[in-house]
Every structure is written in C-alpha cells, then in structure tokens.
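Visitor: Hey, I've just opened this one and I'd like a hand finding my way around. Can we go through it bit by bit?

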Amino acid sequence: MKTRIKDLREDSDLTQKEISKLLNISQVAYSYYELDKREIPLNLLCKLADFYQTSVDYLLYRTNIK
C-alpha cells in the first residue's frame, strides 16, 4: 500500500535521506514507515504534518482534505 507520506515526499522532490535527517532518524527507519512496515510514532507524525503543512488526519487517511 502506498502511503501519503511517500506521496508528499515525492511531490516535494525530496529523498528519504533528506526527510530522515529532518526527523533525526535513519533512512532505513523512515523507509519502513513509508512501506507501512512500522507504525510512525506520534511525535514524528506531528513533525511530518507540520513540515508538509497538513493535518495528521490527512496523513492517516482519516480525511482527504489536506
């Protein structure tokens, strides 16, 4: 399943390494979140929502409104 965080990252022309640096985690850890192999901790989810100027609900597919 494709994740919204991957779509947003690709739409912003950013690499996994760039986003993982922003989140202060490894690129491998971030890739697991994109692949939906691990759940994203709430604090990182909030950082991503702030970075992409969207809501956590949008990232979690609870709404389609950015």
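This is a predicted model: local features need pLDDT of at least 70, side-chain atom pairs count only at pLDDT 80 or more; totals for chains, interfaces and linings use all residues.

Visitor: Which loop is Q53 in?

Guide: Q53 sits in the loop between helix 4 and helix 5. Its phi is positive although Q53 is not a glycine.

Visitor: Is Q53 buried or exposed?

Guide: Exposed, with a relative accessible area of 73%.

Visitor: And what about Y52, where is that?

Guide: Y52 lies in the loop between helix 4 and helix 5. Y52 counts as buried, because its relative accessibility is 12% and the cut-off for buried is under 20%.

Visitor: What does Y52 touch, apart from its neighbours within four places in sequence?

Guide: With those left aside, Y52 is in contact with I5, L8, R9, S12, L14 and I19. As for I25, its C-alpha atom is separated from that of Y52 by 18 Å, and the two residues are 27 apart along the chain.

Visitor: How about T54, buried or exposed?

Guide: T54 counts as buried, at 13% relative accessibility. T54 is also found in the loop between helix 4 and helix 5. Leaving aside neighbours within four places in sequence, its contacts are L8, A49, L59 and K66.

Visitor: Let's back up to helix 4 itself. Which residues there are buried?

Guide: Helix 4 covers residues 42-51, and L44, L45, L48 and A49 are buried in it. Looking down the axis of helix 4, you'd see these buried residues fall within an arc of 140°, so they line one face of the helix.

Visitor: Why would residues spaced like that point the same way?

Guide: An α-helix has 3.6 residues a turn, so residues three or four places apart point the same way.

Visitor: What do the buried residues of helix 4 pack against?

Guide: They pack against helix 1 (4-11), helix 2 (16-23), helix 3 (27-34) and helix 5 (56-59).

Visitor: OK, helix 2 then. Which residues are buried there?

Guide: In helix 2, the buried ones are Q16, I19, S20 and L23. They cover an arc of only 100° around the axis, which puts them on the same side of helix 2.

Visitor: What's on the other side of helix 2?

Guide: K17 and K21, and they are exposed. The buried residues of helix 2, meanwhile, pack against helix 1, helix 3 and helix 4.

Visitor: What comes just after helix 2?

Guide: N24, which takes a positive phi of about 60° there, although N24 is not a glycine. N24 is found in the loop between helix 2 and helix 3.

Visitor: Is N24 buried or exposed?

Guide: N24 is exposed, with a relative accessible area of 70%.

Visitor: How do helix 2 and helix 3 sit against each other? Give me the angle and the distance.

Guide: Their axes come within 8 Å and cross at roughly 105°. Helix 2 and helix 3 are therefore roughly perpendicular to each other.

Visitor: Which residues make that contact?

Guide: From helix 2, it's Q16, K17, I19, S20 and L23, and from helix 3, it's Q27, Y30, S31 and E34. The residues of this contact divide into three nonpolar, four polar and two charged.

Visitor: New topic. How many salt bridges are there?

Guide: The structure holds two salt bridges. In one of them E34 pairs with R9, and the closest N and O atoms are 2.5 Å apart. E34 lies in helix 3 and R9 in helix 1, so the pair ties together parts that are 25 residues apart in sequence.

Visitor: Are E34 and R9 buried or exposed?

Guide: Both E34 and R9 are buried.

Visitor: Which residues form a salt bridge with a closest N and O distance of 3.2 Å?

Guide: That's D57 with R62. D57 counts as partly exposed, at 35% relative accessibility.

Visitor: And R62, buried or exposed?

Guide: R62 is exposed, with a relative accessible area of 65%.

Note on methods: Residues are numbered from 1 along each chain as its sequence is written. Side-chain values use heavy atoms; hydrogens and water are left out. Buried means under 20% relative accessible area, exposed over 50%, partly exposed in between (1.4 Å probe, protein chains only). Helices (H or I, at least four residues) and strands (E, at least two) are DSSP runs, numbered from the N terminus. The arc is that of the directions from the helix axis to the C-beta atoms. Contact means heavy atoms within 4.5 Å. Axes are lines fitted to C-alpha atoms, for helices over the stretch in contact, and angles run from 0 to 180 degrees between N-to-C directions. Angles under 35 degrees count as roughly parallel, over 145 as roughly antiparallel, 65 to 115 as roughly perpendicular and the rest as oblique. Ala, Val, Leu, Ile, Met, Phe, Trp, Tyr, Cys and Pro count as nonpolar, Asp, Glu, Lys and Arg as charged, and the others, Gly among them, as polar. A salt bridge is a side-chain nitrogen of Lys or Arg within 4 Å of a carboxyl oxygen of Asp or Glu.
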